[in-house]
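We will go stop by stop.

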Amino acid sequence: MAGSWRRLVFDNPKLEAPLIDRPAYVFCILEALHLALRRRDVYAVGADKWGNPRARLIEERLWVRERASMLTALGLEGDPRAHLRELADLVDDAYTQVAAGLAANASVQIKGGKLQLSRLEAAPLPEGFKVVHDAVAAMLPRVDYPELLLETHAKTGMFDCMGHITGTHLRRDDLDISLAALTAARSCNVGLVPVVKAGEAALTEHRLLGVEKGYFHGEGIAGVSARLVERQAGIDITADWGGGLVASVDGMRFVVPVRSLHARPSPLYWGIGKRARGSTWLNTISDKVMGLGGLLVPGTLRDSLFILDAIHRLDAVEHPEVITTDQGSYSDVVYGLFAVCGYQFAPRHADITDTQLWWVMSPCWRAT
């Protein structure tokens, strides 16, 4: 029992030790049970949402058949002790490093056995920032969105990644104009009317509809995204922003007023109502300030496993190693899944004083 519940349960002035406050104790247990249910540490037998997560694993006979290929793909050994020993060493090194720097870190204090962190203040802007900012802003030209797309294509060849759905390699000379118009229309959700131009062959309604059915598909869009990620990484200044090993995943929520497979109720974001349903677009951004891909998921409160799915679907060739996200998407199981898949899961803990930090004391570790 930790946090404010200890005071409410044990320090009732109307009761003498060893008596406890029963109502406070009951609500403490209920809160702990609710948290355990959400983390799947406790489950209801036969339940769908709150049931045993292991009940949905693949069958034993199928696992025996696929075990070797799965371990090879993940780069793991059949005996988990070596992997646990490696993780234990990483935890020990990190703990030793943090403990050695606590005395010299004025932003961290330990009071009453709890870790307390000082609030981070905004870093001051460097001298001359406003002058440079205003000068750069004044140099930026005002261009039309389609013109920007065509210029980007001229520098990167991104529309060349959109192949025809039939696999044919024949392409019209003005195909890039049609694809730029479609990209502008669909990304801005304005429809084809604003980009249709009757006197231009590449911008007729008939041509745009045909190009959309043939070229504007998911695989082609992913190829364009991968090309842009690759070319952006070759710009010298991006090396000063980051090494590409860290990525942040966060969700953008959208209300969906119509019936959809990806729309779900979420009282936290859309309130409680008959049509209060929405979807979440999980967006992955690297430390090079570049979008690596995304995934559309139902608008649920917990999206940590969808984050893992999104990481495996990235458009980029090189995947990040550290994944940061908000503090509402973690559990011990999620940490383990990310570690097994080769990623370091780093959510931002909000209530760090009440967070349980675990350590490994297995026989294989003590032996080392």
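Colour the chain by pLDDT, the predictor's confidence in each residue, from 0 to 100. The average over the chain is 83, and 90% of the residues score at least 70. This is a predicted model: local features need pLDDT of at least 70, side-chain atom pairs count only at pLDDT 80 or more, and totals for chains, interfaces and linings use all residues. Residues are numbered from 1 along each chain as its sequence is written, and side-chain values use heavy atoms, leaving out hydrogens and water.

Select residues 362-368. Here pLDDT stays under 50. The model has eight contacts (heavy atoms within 4.5 Å) for residues 362-368 beyond four places in sequence. Where pLDDT is low, the predicted coordinates should not be read in detail.

Next, select helix H7, residues 175-187. Helices (H or I, at least four residues) and strands (E, at least two) are DSSP runs, numbered from the N terminus. How far apart are the end C-alpha atoms of H7? They are 18 Å apart, which agrees with the 18 Å that its 13 residues should span at 1.5 Å a residue. The expected span is 1.5 Å times one less than the number of residues.

Which residues of H7 are buried (under 20% relative accessible area; exposed is over 50%, partly exposed in between; 1.4 Å probe, protein chains only)? Among them are Leu 175, Leu 179 and Leu 182. Helix H6 (145-156) and H8 are included in what covers the buried residues of H7. Just after H7, find Asn 189, with a positive phi of about 55°.

Axes are lines fitted to C-alpha atoms, for helices over the stretch in contact, with angles from 0 to 180 degrees between N-to-C directions. H7 and H8 are therefore roughly perpendicular (65 to 115 degrees). Show side chains: residues of H7 including Ser 178 and Arg 186 meet residues of H8 including Val 211 and Tyr 215.

Move to Gln 232 in helix H9 (residues 218-233). Is Gln 232 buried or exposed? Gln 232 is buried, with a relative accessible area of 11%. Leaving aside neighbours within four places in sequence, Gln 232 is in contact with Thr 238, Trp 241, Lys 288, Val 289 and Met 290.

Last stop: Glu 121, in the loop between strand S2 (114-117) and helix H5 (129-139). Glu 121 is exposed, with a relative accessible area of 65%.

Conventions. Parallel < 35°, antiparallel > 145°, perpendicular 65-115°, else oblique.
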